[in-house]
Structures are given as C-alpha cells and as structure tokens.
Amino acid sequence: MTPGGEDGVSTPGVAGPRATRSLFVWGCYLSVLGVALLVAPNLVLTTFLLPATEEVWIRVVGMFVVLLAHFSFSAARTRNVEYMWWSVQGRLAVPFFFAVFVLAGWISAALIPFGLVDLAGASWTLWALRR
C-alpha cells in the first residue's frame, strides 16, 4: 500500500499524496488504539485515568476503531477524496462531543487528549486536501 498512489501525482477529484499519507497515518493510529482496546482494554482505560471494566462494551469500541482503521487504509489506498472529507468532518466533531461529555459530568477530562488527537489528525488531512 503506497499512500498517495504509486506515482504520487495528484489527479483532479482524487486525493493527492499528502492527503493519502495523512489518512494512512490516521489508520495506523486507529489500528494501534483499536487492537489495544480489544486485547488490553483496561491498560488503555487506566492509562487515561478512566475506570477499568470487565464489561464487553470497551472491546466493542475497539472493534469499531479497527473497522474505522480499515476504512481509512482503504480510502488512502484508493485515494478516495470523498471519504477523506467525511473523515475530516467527523474527526473535527469529536473534541466538541468529548467536551460536552466532560462538562455534563459523564466522563473525566482525561478523555480530552483523544479529542485533541482527532483535531490534529483532521487538521492535517484538511490542510492536505486543500493544497
């Protein structure tokens, strides 16, 4: 899989190499996080000062994160610019949702760094798409 296509040349309506690279890196991040949530969920939770759990929900979240990684890798490989724009929109929303969750008292502020990672990744992809 070569981010940006084999030749690295941008084609109108097709994502260029910078955008595909950003989504490929995003897929790597999601893969690591998703597998960690599947295999050692309490390590991830307690690292971010969240309560450990024996319930299956956190592994279900890990499964969805791995699936999102697959979608990101697929969009990078095929240079799917539409998916990349959807990804930017969704990732820009994450910090706002997390802030609401914290302000509502539903979760600790330890979740905020994940939202900032989403914001940074979305900003990189947005910058790359606009170049």
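Not counting residues up to four places away in sequence, Leu 37 touches Val 44, Ile 58, Arg 59, Val 61, Gly 62 and Val 65, where contact means heavy atoms within 4.5 Å. Leu 37 turns up again in the largest nonpolar core, which has 15 residues; Leu 30, Leu 33, Leu 37, Val 65, Phe 98 and Phe 114 touch the most other members. At least two residues of this core come from each of α1, α2, α3 and α4. Apart from it lies another core, of 10 residues, including Ala 19, Met 84, Val 88 and Ala 128.

A nonpolar core here is a set of buried Ala, Val, Leu, Ile, Met, Phe, Trp, Tyr and Cys residues joined through side-chain atoms within 4.5 Å. Buried means under 20% relative accessible area, exposed over 50%, and partly exposed in between (1.4 Å probe, protein chains only). In soluble globular proteins, nonpolar side chains tend to be buried together.

## The model and its overall build

This is a predicted model, in which local features need pLDDT of at least 70 and side-chain atom pairs count only at pLDDT 80 or more, while totals for chains, interfaces and linings use all residues. Residues are numbered from 1 along each chain as its sequence is written, and side-chain values use heavy atoms, with hydrogens and water left out.

The protein has 5 helices and 0 strands, so its elements are read as DSSP runs numbered from the N terminus (helices H or I, at least four residues; strands E, at least two). Of its 131 residues, 37% are buried. Among contacts between residues at least 6 apart in sequence, 68% join residues at least 24 apart. The protein exposes about 7,700 Å², with carbon and sulfur atoms supplying 71% of it; these areas come from the Shrake-Rupley method with a 1.4 Å probe, and for residues only the protein chains shown count as cover.

## The largest pocket

The largest pocket holds about 700 Å³ of space. Of its 25 lining residues, Leu 33, Leu 37, Val 61, Val 65 and Phe 98 are the closest to its centre. Two or more lining residues come from each of α1 (17-39), α2 (41-47), α3 (57-78), α4 (81-103) and α5 (112-130), and α3 gives the most, with 7 residues. By class, the lining has 21 nonpolar, 2 polar and 2 charged residues (Ala, Val, Leu, Ile, Met, Phe, Trp, Tyr, Cys and Pro are nonpolar, Asp, Glu, Lys and Arg charged, and the others, Gly among them, polar).

On a 1 Å grid over the protein atoms alone, a pocket is an open set of points where a 1.4 Å probe fits, with protein on both sides within 12 Å along at least five of seven lines; lining residues have an atom within 4 Å of a point. Grid points are joined across faces, edges and corners, and the volume is the space filled by probe spheres set on them.

## Helix positions and loops

Val 35 lies in helix α1 and is partly exposed, at 44% relative accessible area. Leaving aside neighbours within four places in sequence, Val 35 is in contact with Ala 40 and Val 66. Gly 90, in helix α4, is partly exposed too, at 36%; its C-alpha atom is separated by 8.4 Å from that of Ala 122, 32 residues apart along the chain.

Which way does phi point at Leu 49, positive or negative? Phi of Leu 49 is positive, near 60 degrees, and this residue sits in the loop between α2 and α3, exposed at 69% relative accessibility. Arg 79 likewise has a positive phi of about 60 degrees, but in the loop between α3 and α4, and Arg 79 is buried at 12%. Most residues other than glycine have a negative phi.
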